[in-house]
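The following paragraphs lead the reader through one structure.

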Amino acid sequence: MISKDLSVEFLGVHFENPFLLSSSPVDNCYEMCAKAFDEGWGGVVFKTIGPKHFKINEVSPRFDELTKEGTPFVGFKNMEQIAEHSLEENLHDLRHLKDDYPNKVVIASIMGTNEEDWETLAQLVTEAGADMIEMNLSCPQMTSHEMGSDVGTNPELVKKYCAAVKRGSDLPMMAKMTPNITDMVPAAKASMAGGAVGIATINTVKSVANIDLDRKVGLPIVNGKSSISGFSGKAVKPIALRFLQQLRTAAGLEQLPISGIGGIETWQDAAEFILMGATTLQVTTSVMQYGYRIVEDMKNGLMHYMEDQHVEHLSELIGVANKNIVPAEDLDRDYKVYPKIDWDKCIGCGRCYISCFDGAHQAITWDIKTRRPSIDTSKCVGCHLCNLVCPVGAITTGEVVMKPGTKGNPEDVQIESSRLTHPVQ
Amino acid sequence: MSTKYEKEAPSYTMTTVMEEAARCLLCHDAPCSKACPAGTDPARFIRSVRFRNLKGAAETIRENNAMGAICARVCPTEKYCELACSRTGIDCPIDIGGIQRFVTDYEEQEKMDILRKGDSNGLSIAIVGSGPAGLQTAATLLQKGYAVDIYEKNEKAGGYLRYGIPEYRLPDEIVDVEINRIVNLGAEIKYNVTIGKDVTMADLKADHDAVVVAVGASEAKMLPMFEGNPYVETAVDFLARVKEAKGDIDNIPASAVVVGGGDVAMDVATTLKRLDVKNVTDLVYEEFDEFKASKKELDATQKAGVTIVDGYVPTDVDGNTITFKHRHLDSEMTIKTDLIILAVGQQVNTDNLGVNTDHGEVQHAGYKTDDEKVFFTGDIAQGDKTVVWAVRKGKEVAEEIDQALLGGNK
Ligand SMILES: Cc1cc2nc3c(=O)[nH]c(=O)nc-3n(C[C@H](O)[C@H](O)[C@H](O)COP(=O)(O)OP(=O)(O)OC[C@H]3O[C@@H](n4cnc5c(N)ncnc54)[C@H](O)[C@@H]3O)c2cc1C
Ligand SMILES: Cc1cc2nc3c(=O)[nH]c(=O)nc-3n(C[C@H](O)[C@H](O)[C@H](O)COP(=O)(O)O)c2cc1C
Ligand code: SF4
Ligand code: SF4
Ligand code: SF4
C-alpha cells in the first residue's frame, strides 16, 4: 500500500492530512469525532456552537435529496441549524477530543447574534483547547436574521464580528463564507480586515430542491409546509470551485489560505479543490451518505496522484490551476476543433445525431442503413456536444482548423483534455 | 486474432465497471468480504472503484491475494462472495469477479508493482510444486523476508493454472504475469525437478529451514476397463495438450465422448466444442439434481452445444465403442466415437514426500506433519479444491511456518 506524506500547514497549524469533517451533524459529539479520527480524518470542524441564550429547536424530517436517473444524492437539502447539544456538552467534548487526540486538529465553529456572543464563544472554545476557530457566517436557514448568511452577506457586520472574535481569542481564525452572494470578495476582505487569516467556503446554497406534486409543498414536508434551505453535495462542487477561483484571483487575495468545501467525495474532487487553491478540505454530505470510511480512498487516491505527478508535498499543488482559468474575453477564439468518430468503436445508437440536431448545429449526418454518423464540417462548429453524449467514447477531438481571417498554426493549439481527447469508456 | 478456443469473455470498460460498482450497496460488515475464502475483501475494492480509486482497489486485491487476476477469472464466485451478496435481495449479485478482473487488468496496464519483499531474515524455505498454493505460499513468505526456492516437476510453473484450466477461461499470459510478480519478489523456480525422485526430501531439508509440500492432485485417475485403450485420453492430459498448443492440435476428431460430470468434464466438453468437434456427448454418473459441476459451468457447457446425458455409467468398452447403462432405469446405449476422454477425477501422488494422504487429502486439519520441518498445503490439505482455497491455504501455511520458525516476530 502506497504511503506518502499528506501533511499540510494551514494558518500556522500542522494537519497530518488535509481531510476534515466540516461543521455539521457528522461531527456533533465526541464519539463521532473519535471514530472519524480513528478512521483517518486529519481534523474536525466541530458542529457550530451557538450562544447559550439562543435555543435550537429543529424540524422533523429535515432533509431531501436531488436525484437524476438512477443516482441518489446528486444534491442534498437540509433544514438544520446549529448544534443541538448544550454549550457545556460541546465544550466538554472539545476538551476531551484534544486530550485524547493531541495530533489531530480540532477546530471550533461558532456563531453569535451580537459582538458580545462572538467574543464570549471565542473565549470559551479557546479555553476548551480548540486549535482554531471557524466563524459560521453562512448558515442559510437560521431562525434569526441576526445569524448565518444574512450576516455573511453584510461586509460591515462580518468585519465587526471578526474583530469581536479576535478580542476573545488569539487562536488562528477563519471565516466561513456563504455562496448566496454574487461576489464573495468584499465579505472575505472584510473578514480579513476584522482579523480572520483564512476563508472556509462554501456553506450551503439556498434552495428548493423538489415539490411534492400531490400536496403542492416543497420537500421535506414539515406539517404541510417547507422552507428555502441549504443545498450541498456533488451538485454544488462547481459553485464552490468557482468561488475558490474568484477569491484566489482577486487583487490582494492571491495567497489566500482556503479551506475548501462543497461536494467533495473522491480523491479527484479533493485534488481539484487543492489545484484551485484549497489547503485543507472539508466534507459533510458524502459522509452523511457513506460514512467516515470514504476518507480511506480519498487519502490513498491522493497519494497515488502525488506519485503520478512526482510531487512530495501537497503544498506544491495548491492553486496550480488558478492561473489557467482566465476571463472569457481572454480565451483564444481563433480556431475550432472538429470531432472525430471512430466507426469501429461506434455501436450505432444515434445519440450524437439526436443531440447535434436538437441541441447543436445539425452537423451530423446519419446513415440509416449502416447506422453510422458522419460529421459535416461545413456545419460543425466544434462544440463537442456529440463527444459528451456518446456512451462508448467513440467520438474524440480531431482536426484543428483556424477560422477565416486569423493567423496562427493549428499545430500550436493545445486541445488535449482528459474529457474530450481521452473520453472515458 | 485469437481463435475460438483462446477467446476470453469481454471485460468491462471504465463506464460499465462504474455502472456495476454503482449497483453495490456498500454494505456495513459486508457479507461478500466475509465469504471470500482468501480474504480478498471485495467490499473494500469495490468501494475503491466506486470512489474512483482504481490504484487503491488494485492494492487491496494484490496484497490480499497474490493470484488476484486469476481468481477474478476462475473463482466459482456463485459459491463464495456472490452467494453472500446483499444485492440478491433486490435482483442479482454484484459481478464481483468481473470487477476484480477490470481492476487487475488496470493494475497490469499501469505496470503497478505493489508487493514488497520483506527485509531478509536469513531463513530459506523450499516449496514443492508451483500451483496456486505453492505460489501464494511463496508470495507471503517473501513479503515476510524469507528466501524461497520452488521446485517444479514440469517445464513450466502454475500447476493446473498452466496445464488444466482452458485458455478461454484463463489465458496463459495472465498466468505468466502473476508468476512473474512472484519471481520479481525474489522466488527462485527450479523446473523439471521431481522431488522424491530427482532430489530427495532429505536433501531439501538439509538446504532449507522448512519444506512445504504443495503437489496438488496432479495425476489423472484411470478406470480399469479403459487402461491401454488407444482411443482414450485423460481429461487433464487432453486439456494440457490443447492449452500448450493454444488450440492448434492435430487430428481434431469428428466426435468425442466425455465420461464424467464435474467442472473438469465441463471444461473438456466445452473445449472440444470450441475446437469445432461436431458431436460432443458427455455421459455423467450423477443425475442432474445431484450434479457436481457448478450451475454456471453446466449452463455454459450446454450453451456450447454439448449433449449431456445424466445417470449413465460405462459398463463395457471395445476399442472405440463404449456401452453405458443407466444407474436406475432399464436403459442401455452404445456409442462409437473417435475420442474418449475420461474426466473421472485426479489423484494425489506424495510418494517419498513425507506426507500421507488418503482420499486425496491429509487426514488431519492444519498444515503440519510429524516432521517439524515439513509442512503441506493446497489441494492436499483439507478444504475446498479450488484456486481461491489454494490461496487461503498458502497464506495460512506461510503464517504457520512463520510462527514455527520465528514465533511470528520479524
Ligand atoms: C481442468 C481443471 C479446471 C479447474 N478449474 C477450476 C476453476 O475454474 N476454479 C477453481 O477455483 N479451481 C479450478 N480447478 C481446481 C484448481 O486448479 C486446484 O484446486 C488448484 O490448482 C490446486 O492448487 P495446488 O497448488 O494445490 O495444486 P496444483 O495446481 O495441482 O499444482 C501442483 C504442482 O505441483 C507439481 N508437482 C507435483 N508433484 C511434484 C513433485 N514430486 N515434485 C515437484 N513438483 C511436483 C505439479 O506439477 C504442479 O505444478 C480446476 C482444476 C482442473 C484440473
Ligand atoms: C445537515 C447539514 C448541517 C449543516 N450544519 C452546519 C453547521 O452547523 N455549521 C456550518 O458551518 N455548516 C453546516 N453545514 C454546511 C456544511 O458544513 C458544508 O459547508 C456544506 O454542506 C457543503 O459541503 P458538502 O457538499 O461536503 O456537504 C451543514 C450541512 C448539512 C448538510
Ligand atoms: S437516521 Fe437515525 S436519527 Fe435519523 S430518523 Fe433514521 S434512525 Fe432516526
Ligand atoms: S453516440 Fe457514439 S456510439 Fe452512438 S452513434 Fe454516435 S458515435 Fe456511434
Ligand atoms: S455484499 Fe454485495 S452489495 Fe454488499 S458490499 Fe458486497 S458486493 Fe456490495
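A residue is called buried when its relative accessible area is under 20%, exposed when this is over 50%, and partly exposed in between, as judged with a 1.4 Å probe and protein chains only. This is a predicted model, in which local features need pLDDT of at least 70 and side-chain atom pairs count only at pLDDT 80 or more, while totals for chains, interfaces and linings use all residues. Residues are numbered from 1 along each chain as its sequence is written, chains are lettered from A and ligands numbered from 1 in the order in which they are written, and side-chain values use heavy atoms, with hydrogens and water left out.

Although Val401(A) is 64 residues away from Val337(A) along the chain, the two C-alpha atoms are separated by 6.2 Å.

Rolling a probe the size of a water molecule over the atoms shows where empty space is left. By type, the lining of the largest cavity holds 13 nonpolar, 18 polar and three charged residues. Here Ala, Val, Leu, Ile, Met, Phe, Trp, Tyr, Cys and Pro count as nonpolar, Asp, Glu, Lys and Arg as charged, and the others, Gly among them, as polar.

On the surface, Ile228(A) counts as exposed because its relative accessibility is 51%. This residue lies in the loop between β13 (217-218) and β14 of chain A.

Side chains of opposite charge can pair when their charged atoms come close. A salt bridge is a side-chain nitrogen of Lys or Arg within 4 Å of a carboxyl oxygen of Asp or Glu, and over all chains there are 51 of them. In one, the closest N and O atoms of Lys234(A) and Asp269(A) are 2.8 Å apart. This pair links distant parts of the chain, with Lys234(A) in the loop between β14 and α7 and Asp269(A) in helix α8, 35 residues apart. Lys234(A) is partly exposed, because its relative accessible area is 33%, whereas Asp269(A), at 3%, counts as buried.

In chain B, Asp276(B) and Lys4(B) form a salt bridge with their closest N and O atoms 2.6 Å apart. The partners are 272 residues apart, Lys4(B) being in the segment before α1 and Asp276(B) in the loop between α13 and β8. Asp276(B) is exposed at 53%, and Lys4(B) is partly exposed at 46%. Asp172(B) and Arg162(B) form another salt bridge, with a closest N to O distance of 3.0 Å; both residues are buried.

How values were computed
Helix = DSSP H or I, 4+ residues; strand = E, 2+ residues; numbered from the N terminus.
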